[in-house]
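Here are my notes on the model you sent over.

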Amino acid sequence: MSGRVVVTGAAGFIGSHLCERLLDEGFEVTAIDSFTDYYSPRRKREHIGQALGSSRFTLIEQDLNDCDLISLFEGAECVFHLAAQAGVRKSWGSEFSRYTKANILATQSVLEALKEVGRVRLVHSSSSSVYGETTDLPMKEGHRLAPVSPYGATKLSAEHLCELYRVNFGVDYTSLRYFTVYGPRQRPDMAFSRFITNALEGNTIEVYGDGRQTRDFTFVSDAVEANMLALRYTGSERIFNIGGGSRISILDVIRIMEKGIGTDFDVRFVERAKGDVTDTWAETTRAREELGFEPSVSIETGIGEEITWYREHIESDEGRETE
Ligand code: NAD
C-alpha cells in the first residue's frame, strides 16, 4: 500500500503526468495548483481531468504563497515541487516579479513548511537553465553555474534555498535539473509545441537563431520516472541532471517533425532570444549510477507522440510564446 504524496504545479505539463503515474502506483495524491494564466487554465483542467476521476486525488486550487502548507504536508511521504513560472523569454522586465514570486518565494514557503513538519522528503524540479552559456559540454552537476536568463537565476536561487534548508534544518531533498522536456501536453510556449501546432495549421514556423543550436531533449515519461526514482533515493547526492540522451539541433528536430507530419515546413529564421543558450547537453552518469535513471524514449518516438497529441488537441486560442 502506497502512502500520500503532495504534488505542486499538478495541473501543469509535467505535474499532470506525474500525478497520473503516482495514482497508477497506488499513491494518494494531494495536488496543488493555482492555475496561473501563463497559458490557458482551461487547458490545465483538461490535463488533470483523468486524475480528478480518482478517489485518491484531491485538488487544492490555491497559490502556494497563500496555502496552509503545514497542514497539507503533515503525514505526507514526499512533496514533489513542480510549481513554477516557467519560460526563459518572458522572464525579463516587469514580468520578473511573477518569476520571483512563483520560483523563489513559493519555494521558500514550501521549505518553511517542510522545516516545521519534519521528515517529509522534497523532490524539487530544477532546470538545465542554471548552467547558462558554456562550451564545456556535456554539462556536469559540478560545473560552474552562471544562468543567462532571469528565469535561470530564480531556479538557481530555489536550488540554493533547498540546500540552505537541508544544512540548517535537515530538510531532505533531491533536485532534478531537467533538460528541455517534451511530449503530450507540452506547454504551448515551447518550441516543439509551436512548431507542431503551426505546421498542422499550415502556418510559418519561426526559428530563433540559425537553428543549429542544440538541446538535450527529455521525453516527459522519462522526467516522471526520474521523480519516482528520486522518491526512493536514500543516497547522499542532492542534484541530478535529467536528460533524455537525445542531443540534436533544432534543424534536425524540424526534419523529424516534417517526416512525422508529412509536410515540408515553411521556416522563417528570426533573431535569437535574450536568455537562450546555444547548446545544452546533460552528463547523466550521476543520475544513472545513483538513481538508476535510464531515459527510455527516443526522440523520433517522442516527437511522434507529441504530434499525435497535438493532432487531437489543437487549440487556436493559446498564447504561443517561446522558451
Ligand atoms: P507548467 O507551467 O506547465 O506547470 C507549472 C504549474 O505550476 C502550472 O500549472 C501553474 O499554474 C502552477 N503554478 C505556478 N505558480 C504557482 C504557485 N505560486 N502556486 C501554485 N501553483 C503554481 O510548467 P512545466 O513545463 O510542467 O514545468 C514544471 C516544472 O519543471 C517547473 O518547475 C519548471 O521550472 C521545471 N522545468 C521544466 C522544463 C520543461 O522543459 N518543461 C525544463 C526544466 C525545468
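Contact here means heavy atoms within 4.5 Å. Please also keep in mind that this is a predicted model.

1. **A226 and its neighbours.** Let me begin with an alanine. A226 sits in helix α8, which covers residues 220–232. Leaving aside residues up to four places away in sequence, A226 touches L176, I242 and F293. Is A226 buried or exposed? Its relative accessible area is 0%, and since buried means under 20%, A226 counts as buried. There is also a pairing across the sequence to look at: A226 and A287 are 61 residues apart along the chain, while their C-alpha atoms are 8.4 Å apart in space.

2. **N103, a buried polar side chain.** Helix α5 runs over residues 96–117 and includes N103. With a relative accessible area of 2%, N103 is buried. What does its side chain meet there? A polar atom of the N103 side chain lies 2.7 Å from the backbone nitrogen of Q85. Q85 is also among the residues that N103 touches, together with A84, Y151, T154, K155 and A158, when residues up to four places away in sequence are not counted.

3. **R43, a buried arginine.** R43 belongs to helix α2, residues 41–47. Its relative accessibility is 2%, so R43 counts as buried.

4. **Two arginines with positive phi.** Both are worth a look on your screen. R119 is not a glycine, yet its phi is positive, at about 55°. R119 is in the loop between α5 and β5, and at 86% relative accessibility it counts as exposed. R185 likewise has a positive phi, near 75°, in a residue other than glycine. R185 lies in the loop between β7 (181–182) and α7 (191–200). At 11% relative accessibility, R185 counts as buried.

5. P138 is in the loop that links β5 (121–127) to α6 (150–169).

6. **The overall fold.** Stepping back, the protein has 11 helices and 12 strands. Its radius of gyration is 19 Å, close to the 20 Å that the globule rule gives for 323 residues, so the protein is as compact as a globular protein of that length. The C-alpha trace spans about 55 × 45 × 40 Å along its principal axes. Among contacts with a separation of 6 or more, 83% are between residues 24 or more positions apart.

7. How much of the protein is buried? Of the 323 residues, 56% are, and A226, with 0% relative accessible area, is one of the buried residues. The protein exposes about 13,400 Å², with carbon and sulfur atoms supplying 46% of that area. As for charge, there are 36 positive and 50 negative side chains. The centres of these two sets lie 2 Å apart.

Methods
Residues numbered from 1 in each chain as written. Predicted model: local features only at pLDDT ≥ 70, side-chain atom pairs only at ≥ 80, totals over all residues. Heavy atoms only, no water. Helix = DSSP H or I, 4+ residues; strand = E, 2+ residues; numbered from the N terminus. Buried < 20%, exposed > 50% of the residue type's maximum accessible area, 1.4 Å probe, protein only. Polar contact = N/O pair within 3.5 Å; in protein donor to acceptor, adjacent residues only side chain to side chain. Rg over C-alpha atoms; globule rule 2.2 N^0.38 Å. Areas by Shrake-Rupley, 256 points an atom, 1.4 Å probe, with all protein chains shown as cover. Lys, Arg positive; Asp, Glu negative; His and termini not counted. Charge placed at Lys NZ, Arg CZ, Asp CG, Glu CD.
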